[in-house]
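Please look over the sequence and the model before reading on.

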Amino acid sequence: MNQRSAQSGTARATRRGFLTAGGALGGAAALAACGGAMGGGGGGASDSGELVGIGNNGRAGAGRDGATADHLFIAGFQWSPPTNFNTFAASPAWPSAGNAAQYVYETLLRFDILTGELLPGLAASHEINGTESITLTLQEGVTWHDGSEFTADDVLYTFELGKIDPGLGIAGIWTEVDEMTAEGTTLSLAINQERRNVDSVLNTLATQPIVNKAQFEQAAADSGGAIASWETMEPIGTGPFTLELADQTQIVLARHEDYWGTSMHGGLPAMSKIIHPIFKSAEDGNIKFQNGELDVMQQFVPQIWKMWEADKPVGTYLRDKPYYLPGSMPMFIMNTARPGLDDPLVRKALAHAVDYASIAETAMSGYSSQVLASLVIPDGAEDQWLDREKAEADGWVYDAARAESLLEEAGYAKGEDGIYAKDGQKLGPWKLITPQGWTDWNAALEIVAKNFQAIGVDAATNFPQQAQTQTAIQNGDFDLCCWSVAGTGPSTPWQRFSDVMSNVDLAPAGERAYRNYGRWENDQVNDLLQDAAAAVEDAEKKVALVALDDLYRAEVPAFPLMYRPDEFFEFNASNWANWPTEENDYAPPMFRGAGNQWLFEITRIGS
């Protein structure tokens, strides 16, 4: 298969295949009504009949009655009162953010995290001409929520906003694209031939919400071109839902009865409203979810299996551990400008010192499979780019004795205090930082610090607030940290290699960096990144990506601590069934992109 062929079909591949080859109620009232009809979260419903896509224990509820019977309750995306639904704002309210649920705004293409396919969205199809150009054919009959016609001008203007306000994230596409033109319903994008990074462009096409030109022309005029500062509580999209209500307690979306996409999705969404209560804490959401007062959720639930062991009809996409598909890898980043950390043998020793299994079980509740010495995420859309044999043979695993051996090979010896040193320079004291309150990352770094201390490296944790942590990492003012890199998408694993290793515009300490926070320097990596970006055929691309992975393992500028889902997809089958699972795999476990399909196919229990 040529990765660059247009993929517009709807065929699905199972995970096993990969492994083997009326007005809304107020928030409190709505939840009370929801919970009151659940019968304790449906725990008494022992016979699910013909239902599929239900709890991991095979259980389902009896459905709920009343005003909320055909509503979907969702949580885990909005934690503060919504104030702005401008998709270009710094922190837009759900679901307006880019690469979020395409319920109000939609994208041109839709990414499937399981198969790696790019499916139709506002574009009915796309074609790729090597590294020269991308052509998109728009869907017919698309209308905006205000009834106006959707046209190619809306698409062109959406991307032109990156020129009007260069501070917008969308401005980045003009680094990769020289020109974007339209003729009727056909759009053509000319790829920059110095960069030839087609996958990066595809990533933008699959994540950038398309906006209404008329509305945003007025926004540009009102804001003096400062689009990100413009505020609106009236988003106009093309999606299957409109914003009905947003206050301090909830966000309510109402089904758009004139939605253009019924033929593509097989009808209108199953629910008449989507209600997102705004909780003060994740624990509040977890309690409501367990009790059946939420239907589906995206947030970390410690030991989620205890819910179905308690007879709750709770389910995850994978029936067994790790329960969630891997989609991101929190990265342990080392500041290579620090003495000791500038030595690849020391960095590899630290990689061997970490008890990854303990992190998976303790910090991640078993939600992470065995971490490989690779920047490619296995067992999903990226698996085709992984050389597993090399990752296992040339990489690292938890081995404290091997870690100490590598430190000694690097010329270090333990002092009387038990800490390794060379030429009077000790390994530490080093601070391991990540934001306060990021509980799984906090727990992971506590394990890492103990592992380092056990082999003779002086390390301790420190958890500042998020803004302080981010500033320190971007400015190179840190020793060791846990931070995020690109999750699975159309441009990964290339984008992740760039995030970790790129030497393009390498920022010196004290200046803000947007990638390669460890300031690792290498004279080979940029050429390898360019080769991987410009590769046309799958075989050629894999050669380049494997070469990058080889360099990564040799130099170890960073290493993953665990795998995390790109989104935590967990459902409670008290009121709705036919949720996507690996056995019922008509849609991926996503709240955006190709995951939109489950909105149209879940079924109300008892209806």
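Is Ser328 buried or exposed? Ser328 is buried, because its relative accessible area is 15%, where buried means under 20% and exposed over 50%, with partly exposed in between (1.4 Å probe, protein chains only). The model is predicted: local features need pLDDT of at least 70, side-chain atom pairs count only at pLDDT 80 or more, and totals for chains, interfaces and linings use all residues. Residues are numbered from 1 along each chain as its sequence is written, and side-chain values use heavy atoms, with hydrogens and water left out.

**Surroundings of Ser328**
- Ser328 sits in the loop between β12 (314-316) and β13; strands are DSSP runs of E, at least two residues, and helices runs of H or I, at least four, numbered from the N terminus.
- Beyond its neighbours within four places in sequence, Ser328 is in contact (heavy atoms within 4.5 Å) with Ile377, Gly487, Met562, Tyr563, Arg564, Pro565 and Asp566.

**Sheet**
- An open sheet of five strands runs in the order β18-β17-β19-β13-β20, with mixed pairing; two strands pair if DSSP finds at least two bridges between them.
- Its edge strands, β18 (459-462) and β20 (558-560), each pair on one side only.
- β13 (residues 331-334) pairs with β20 in the antiparallel sense over three bridges.
- Phe332 has Phe559 in β20 as its bridge partner.

**Helix α10**
- Eight of the 10 residues of α10 (residues 344-353) are buried, among them Val346, Leu350 and His352.
- At the start of α10, a side-chain oxygen of Asp343 comes to within 2.9 Å of the backbone nitrogen of Leu345.

Technical notes: Polar contact = N/O pair within 3.5 Å; in protein donor to acceptor, adjacent residues only side chain to side chain.
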